[in-house]
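This briefing covers aromatic pairs and strand pairing. Please look over the sequence and the model before reading on.

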Amino acid sequence: MKTFVLGPVLRLLFRPWVKGLDNVPAEGAAILASNHLSFSDSIFMPVTVPRPVAFLAKSEYFTGTGIKGRLTAAFFRLTNQLPMDRSGGAASAQSLNAGMDVLKKGSLLGIYPEGTRSPDGRLYRGKVGVARLALQARVPVIPVAMIGTDKVQPIGKRVPNIRRIGMIFGEPLDFSRYYGMEDDRLIQRSVTDEIMYELMRLSGQEYVDEYAAVVKLRLAGKAQDAAPDKTLAGPDAVQDAAAGNTPNEAPNTAPPETPNETAAGDAGPEVPGPA
């Protein structure tokens with residue numbers, strides 16, 4: 001699909017520009033940690049990378065019923081995506097094992113540390129699942145900035161706009177100084193914040209010291225208050241509660257998490273979703 005179907009069509013229509021692709025290793029395991037602006041992020045980035053990229057996708061994509069549900073599940077399996085439970089806690093931690101298996105095989109794993117798509121184009125607080133995976137597997141993390149994909153396919157829009165998009169692959173981040181400390185909560189946060197700082201620097205996005213999913217729920221609640229007779233918050237708004245900080249100037253200086261952050265599902269990365 002990447003070489004003969006999707007790739008040529010996407011390159012012709014969207015003319016993606018790419019910087020730093022040589023930062024992706026030609027062999028060996030690595031994590032591609034990307035900002036998340038659009039559902040199409042999980043299409044454009046893997047098409048650009050020469051090697052196969054496995055993504056952790058929300059488990060709801062694999063459990064749909066009817067013809068549409070079965071076709072959706074088949075598409076995600078064929079595009080090398082793995083189910084991810086975003087409910088937080090033990091369920092999310094167990095789902096991360098699938099990502100660990102990918103890395104143990106020496107492959108590339110794609111992750112969106114924010115946990116869900118940005119509701120407004122800004123960069124939000126990262127979840128520590130990416131740090132846990134990087135330290136346990138002892139692999140480098142390549143930050144990836146998606147540029148303009150939110151203009152191609154904004155949230156809620158099914159048919160994409162035809163316009164140019166870009167991708168910037170940053171230099172690999174080496175966290176070997178923390179190997180053996182993957183269970184330390186402060187180390188997990190420090191690693192995650194360093195990744196988010198690089199994403200902020202590469203993408204030029206404004207950083208928000210809050211989980212994107214929490215913001216989505218708050219916005220959905222305000223919308224419901226404004227129009228109580230209408231169902232404005234779909235099921236994905238609830239699913240995105242499994243969201244996964246730092247000041248704008250220095251994301252690696254964030255204080256340790258509180259129990260509320262853990263309840264928000266800080267443990268796991270996520271992937272594309274229609275919310």
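This is a predicted model: local features need pLDDT of at least 70, side-chain atom pairs count only at pLDDT 80 or more; totals for chains, interfaces and linings use all residues.

Which residue in β8 is the bridge partner of I147? The partner is G166.

**Strand β8 and its neighbours**
- Strand β7 (residues 141-147) pairs with β8 in the antiparallel sense, over 4 bridges.
- Strand β1 (residues 17-19) pairs with β8 in the parallel sense, over 3 bridges.
- Within β8, M167 is the bridge partner of V18.
- From strand β8 (residues 166-169), G166 and I168 point one way, while M167 and F169 point the other way.
- G166, M167, I168 and F169 are all buried.

**Aromatic pairs**
- The count of aromatic pairs comes to 2.
- F14 and F44 form an edge-to-face pair, with 5.1 Å centre to centre and 80 degrees between the planes.
- F14 lies in helix α1 (residues 2-14) and F44 in helix α2 (residues 41-48), so this pair ties together parts that are 30 residues apart in sequence.
- F14 is buried, with a relative accessible area of 4%, and F44 is buried with a relative accessible area of 4%.
- F55 and Y112 form a stacked pair, with 5.5 Å centre to centre and 25 degrees between the planes.
- F55 lies in strand β3 (residues 53-58) and Y112 in the loop between β5 (108-111) and β6 (123-124), so the pair ties together parts that are 57 residues apart in sequence.
- F55 is buried, with a relative accessible area of 1%, and Y112 counts as buried at 0% relative accessibility.

Technical notes: Residues are numbered from 1 along each chain as its sequence is written. Side-chain values use heavy atoms; hydrogens and water are left out. Rings of Phe, Tyr and Trp (its six-membered ring) pair if their centres lie within 6.5 Å; planes under 30 degrees apart count as stacked, over 60 as edge-to-face and the rest as tilted. Helices (H or I, at least four residues) and strands (E, at least two) are DSSP runs, numbered from the N terminus. Buried means under 20% relative accessible area, exposed over 50%, partly exposed in between (1.4 Å probe, protein chains only). Two strands pair if DSSP finds at least two bridges between them.
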